[in-house]
Amino acid sequence: MRFTINQKTYEADVDVRTSLLDLCREHLGLTGSKKGCDHGQCGACTMLVNGRRINACLSLAVMHQDDEIVTIEGLGTVEDLHPMQAAFVSHDGYQCGYCTPGQICSAVGMLDEVKKGWASHVTGDLDQVSLTDAEISERMSGNICRCAAYPNIVDAIREVAGQWGEQAIKPAPRSAAEQPAQEKVSA
Amino acid sequence: MKTFDYQRADTIEAATHANGRFIAGGTNLLDLMKLQVETPERLVDISRLDLNGIEEREDGGLSIGALVPNSDLAADPRVVEKYEVLSRALLAGASGQLRNKASTGGNLLQRTRCYYFYDTASRCNKRAPGSGCDAIGGFNRILAVLGTSEQCIATHPSDMAVAMRALDATIVTQKADGDKRRISIHDFYRLPGDTPQIETVLDAGELITHVELPAPPAGKQVYRKVRDRASYAFALVSVAGVIEVKDGVVASAALAFGGLGPMPWRNPAVEAAIVGRAPSTEAFEAAADALLADAKGYGSNDFKIPLARRTLIATLRDLTA
C-alpha cells in the first residue's frame with residue numbers, strides 16, 4: 001500500500017485492520033500523533049486528511065491510500081514552528097503535552113472550517129460566524145485535555161485567529177471552493 | 001478486532017453485489033469492530049462512490065448523496081437557509097472531527113450507545129439475539145421510554161435523523177438486483193419487538209444512495225437538545241420542530257424526538273393536539289400528554305418523561321413566540 005503523508009510517499013504492507021493512527025505510529029515511525037482512547041472520544045490522534053481534521057484511530061489505513069495526510073510532524077519543525085505550535089508554546093497551552101499534537105492539528109483544521117464560514121452549535125445566526133471564545137470551546141470539544149489546559153489552549157487559538165486580521169475571520173463566500181489541502185505544510 | 005476481507009467498490013452495482021458490510025466514514029462501525037460488538041467477515045468500502053453531491057430537485061427539495069459528510073451537509077447554504085433544523089441537529093451532534101468523517105447514510109444507520117450493547121460481557125438481545133437484556137433492571141438512565149419491548153429498551157442515537165423525520169425525508173436505496181426503492185423515513189426504522197437486532201427495513205446488500213428532502217416547509221424551525229454536558233454528548237431528550245403560525249393559530253406542525261425511543265420518534269397525535277389551536281400552555285400540555293401517553297420508565301430513566309414534557313413545551317414556546 002502507498003500513502004502520502006506530510007508530502008512524502010511511504011510504502012507499507014499492513015494488515016487491513018490497521019488504523020491510520022497505528023500505521024503512522026507503529027509502521028512509519030511517525031509517533032507525533034498520540035493514542036488516547038482509541039475510540040474517537042479524546043481527539044489525541046487528530047490528523048488532517050485532505051485538509052480536514054479527523055480521528056485517525058477511527059479510520060482504516062487501507063481506506064486512505066489516495067489521500068493527502070498531514071500529521072503534527074508535517075505542520076512545522078523545531079526550527080520552524082507552525083504559527084499554531086508557536087502560539088501553544090507562548091501561551092503554555094499544555095501541561096503534560098500528550099494531547100497537544102491532536103489539539104494543534106485540530107485547531108488548524110478548525111480555523112480552516114471557520115474560514116469557510118461553517119457555523120457551530122453555539123453560532124447564533126448560522127450565516128454570521130465569528131470566532132468568540134465560546135465558539136473556540138465548542139469547536140474544540142472533540143479534543144480532551146486531562147490537565148485541563150483549556151484556558152491557555154483557547155488563548156493560543158485566539159491569537160492565531162487574530163493574526164489573520166478581521167477580514168480573514170469573516171465567512172468566505174459560500175460558492176468558494178474548498179481551500180487546497182496543504183497550504184501550510186511547507187512551513 | 002476480528003479480521004475481515006476488504007474490498008473497495010468502484011460502482012454502486014459492485015457494492016450491492018459484494019455481499020459484505022458497507023463502510024463509509026467508519027466512525028461508528030470501526031468503534032464497534034474494535035470491541036467485537038460487530039464482526040463483519042467482509043467490509044465493502046463505498047467511500048469512493050460518486051454519492052457526494054447535494055442537488056436541488058424539481059419539486060424544490062434537495063437530494064443528498066449518502067456519502068455527504070455531516071459537516072458538509074450542515075454547512076450547505078441551501079440547508080442553512082431552508083432547512084435550519086437539519087443544520088442545527090447536525091451541529092448538535094458529535095465533534096468536528098467526527099462530523100468531517102461521518103456520512104449521511106451512515107448516520108441514519110448508526111447503532112445504539114446502550115452500555116450493554118457495547119459490553120460483550122453483558123446480555124443484549126440486539127447484539128446476541130435471545131441472550132436477554134441487562135439494561136432492563138440495569139443502569140438505564142440514557143435509554144428509551146417510548147416504543148420499547150421486553151427484549152430491548154435501546155435508543156437511536158442520531159440527531160440528524162430526528163430532524164430528517166420532522167422534515168419528511170425519503171431514503172433512496174438500490175438493491176443487488178438493480179431495483180431502487182424510495183422509503184419514507186417514517187417507514188424506514190422498525191420497533192424492536194422480538195427482533196431488536198433488525199433495526200430498519202433494508203434488505204441484505206441494499207445500499208442507501210440518497211436522502212431526499214421535500215420542498216422546505218413553511219414556518220419556524222428549531223432543534224433543541226438536552227444532554228449531560230454542553231457539547232459532544234448524546235441527547236437525553238431532543239426535539240426537532242417545524243411550526244407555522246397563521247392568524248394566531250398553529251397552521252401546521254411537524255415534531256420529532258430524539259433520546260426517547262428506538263427510532264427517531266414522531267407521533268401524529270402530538271401535532272394534532274396543537275394544529276388549529278392558538279398557541280397556549282394548555283395546547284402545549286395537550287401535545288405533551290399525547291407524546292407521553294404510553295411512556296414507560298425503567299427506573300433510572302424515569303426522569304426522561306417529565307424532561308421530555310418540559311423540553312417539548314419549551315420548544316413549542318420558542319416556535320410560536
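This is a predicted model: local features need pLDDT of at least 70, side-chain atom pairs count only at pLDDT 80 or more; totals for chains, interfaces and linings use all residues.
Residues are numbered from 1 along each chain as its sequence is written, while chains are lettered from A and ligands numbered from 1 in the order in which they are written.

**Confidence**

- The predictor assigns the complex an ipTM of 0.96 and a pTM of 0.95.
- Chain B has an average pLDDT of 98, and 100% of its residues score at least 70; pLDDT is the predictor's confidence in each residue, from 0 to 100.

**Chain A: fold and domains**

- Chain A contains 7 helices and 5 strands, arranged along the sequence as β-β-α-β-β-β-α-α-α-α-α-α.
- Of the 187 residues in chain A, 44% are buried (20 or more other C-beta atoms within 10 Å of the residue's own; exposed if 12 or fewer, partly exposed in between; C-beta atoms are placed from the backbone).
- Among contacts in chain A with a separation of 6 or more, 64% join residues 24 or more positions apart; two residues are in contact if their C-beta atoms, placed from the backbone, lie within 7 Å.
- Chain A divides into domain 1 (2–75) and domain 2 (83–169), with bounds from an automatic or database domain assignment.
- The centres of domain 1 and domain 2 of chain A, taken over C-alpha atoms, are 21 Å apart.
- Their contact involves 16 residues from domain 1 of chain A and 15 residues from domain 2 of chain A.
- On the domain 1 side of this contact, β3 (46–49), β4 and α2 (72–75) of chain A give two or more residues each, and β3(A) gives the most, with 3 residues.
- That domain 1 side has 7 nonpolar, 6 polar and 3 charged residues; Ala, Val, Leu, Ile, Met, Phe, Trp, Tyr, Cys and Pro count as nonpolar, Asp, Glu, Lys and Arg as charged, and the others, Gly among them, as polar.

**Interface between chains A and B**

- The contact draws 30 residues from chain A and 27 residues from chain B.
- On the chain A side, β4 (52–55), α4 (100–115) and α5 (133–139) each supply at least two residues, and β4(A) provides the largest share, 4 residues.
- The chain A side comprises 10 nonpolar, 11 polar and 9 charged residues.

**Nonpolar core and B:A166**

- The largest nonpolar core has 143 residues, of which A:M47, B:V85, B:A89, B:A163 and B:A166 touch the most other members; such a core is a set of buried Ala, Val, Leu, Ile, Met, Phe, Trp, Tyr and Cys residues joined through C-beta atoms within 7 Å.
- The largest share of this core, 7 residues, comes from α4(A).
- Beyond its neighbours within four places in sequence, B:A166 contacts residues including B:V85, B:A240 and B:L255.

**B:A135**

- B:A135 lies in the loop between α8 (115–118) and α9 (160–166) of chain B.
- B:A135 counts as buried because it has 28 C-beta neighbours inside 10 Å.
- Neighbours within four places aside, B:A135 contacts B:C114, B:Y116, B:N140, B:L143 and B:I153.
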